Amino acid sequence: MSETQALTEFKQQFPVILPITVAWGEMDAFQHVNNVSYIRYFESARIAYLEALGQEAKITSNTVGPILADIYTRYRRPVVYPDTLIVGTRISELEEFGFTMEYQAFSEQQQTVTTLGKSRIVMIDYSTNQKVALKDCVLDDILKLQPELT
């Protein structure tokens, strides 16, 4: 089965794409996917992005790593079971101590973006609980994945 034009265009906007199958148990009393599920979807997409950078091993074996500072979600359309969401992830802004990530969830059932998200990630030294500058090696890996950020 070939992708639709809408999905193909969606995927071209993001360096990291993560398909997520909606589970029946993620729906709430209003018969649509509960808002907390999107925070989990975006968390999974964030980890997939770090894995695509090759940073996961460096981060988990180091005393410095990313911390979620804040997260924003905008719900455009309800999603119901059964569906598969294609979550696209990219960094939209580089900062001295971290970066801002954007997420979009594209519904295969509805053939459109249903949910938008944004989060700010700060690099923290776990031994001091102080924020630290983004390391050059992390910045280099980000720019390899997203050269348009230069």
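Just after α2, Gly54 takes a positive phi of about 80°. Before going on, the ground rules. This is a predicted model, with local features needing pLDDT of at least 70 and side-chain atom pairs counted only at pLDDT 80 or more, while totals for chains, interfaces and linings use all residues. Residues are numbered from 1 along each chain as its sequence is written, and side-chain values use heavy atoms, leaving out hydrogens and water. Helices (H or I, at least four residues) and strands (E, at least two) are DSSP runs, numbered from the N terminus.

Now the helix itself. α2 covers residues 35-53, 19 residues in total. From first C-alpha to last it reaches 28 Å, close to the 27 Å expected at 1.5 Å a residue. That expected span is 1.5 Å times one less than the number of residues. At its start, a side-chain oxygen of Asn34 comes to within 2.9 Å of the backbone nitrogen of Val36.

Which residues of α2 are buried? They are Ser37, Tyr38, Tyr41, Phe42, Ala45, Arg46, Ala48, Tyr49, Leu50 and Leu53. Buried means under 20% relative accessible area, exposed over 50%, partly exposed in between, with a 1.4 Å probe and protein chains only.

On to the rings. The whole structure has six aromatic pairs. Tyr38 and Tyr41 form one that is edge-to-face, at 5.5 Å centre to centre and 80° between the planes. Rings of Phe, Tyr and Trp (its six-membered ring) pair if their centres lie within 6.5 Å; planes under 30 degrees apart are stacked, over 60 edge-to-face, the rest tilted. Tyr38 and Tyr41 are three residues apart in α2, so about one helical turn separates them. Tyr38 also pairs with Tyr75: centres 5.4 Å apart, planes at 65°, so edge-to-face again. Tyr38 is buried at 2% relative accessible area. Tyr75 is partly exposed at 40%.

Next, the core. The largest nonpolar core has 26 residues, and Tyr41 and Ile142 touch the most other members. Such a core is a set of buried Ala, Val, Leu, Ile, Met, Phe, Trp, Tyr and Cys residues joined through side-chain atoms within 4.5 Å. Its largest share, eight residues, comes from α2. A second, separate core of six residues includes Phe10, Phe14, Ile86 and Val113.

Last, strand β5. Ten of its 14 residues are buried, so the rest of the structure largely encloses it. β5 runs antiparallel to β2, with eleven bridges, and there Thr73 stands opposite Gly117. β4 and β5 pair antiparallel over ten bridges, with Phe106 opposite Val113. For the record, two strands pair if DSSP finds at least two bridges between them. β5 and β6 form a hairpin with four residues between them, and Asn129 in the turn has a positive phi of about 60°.

Methods:
A polar contact is a pair of N or O atoms within 3.5 Å; within protein, one must be able to donate a hydrogen and the other to accept it, and residues adjacent in sequence count only if both atoms are side-chain atoms.
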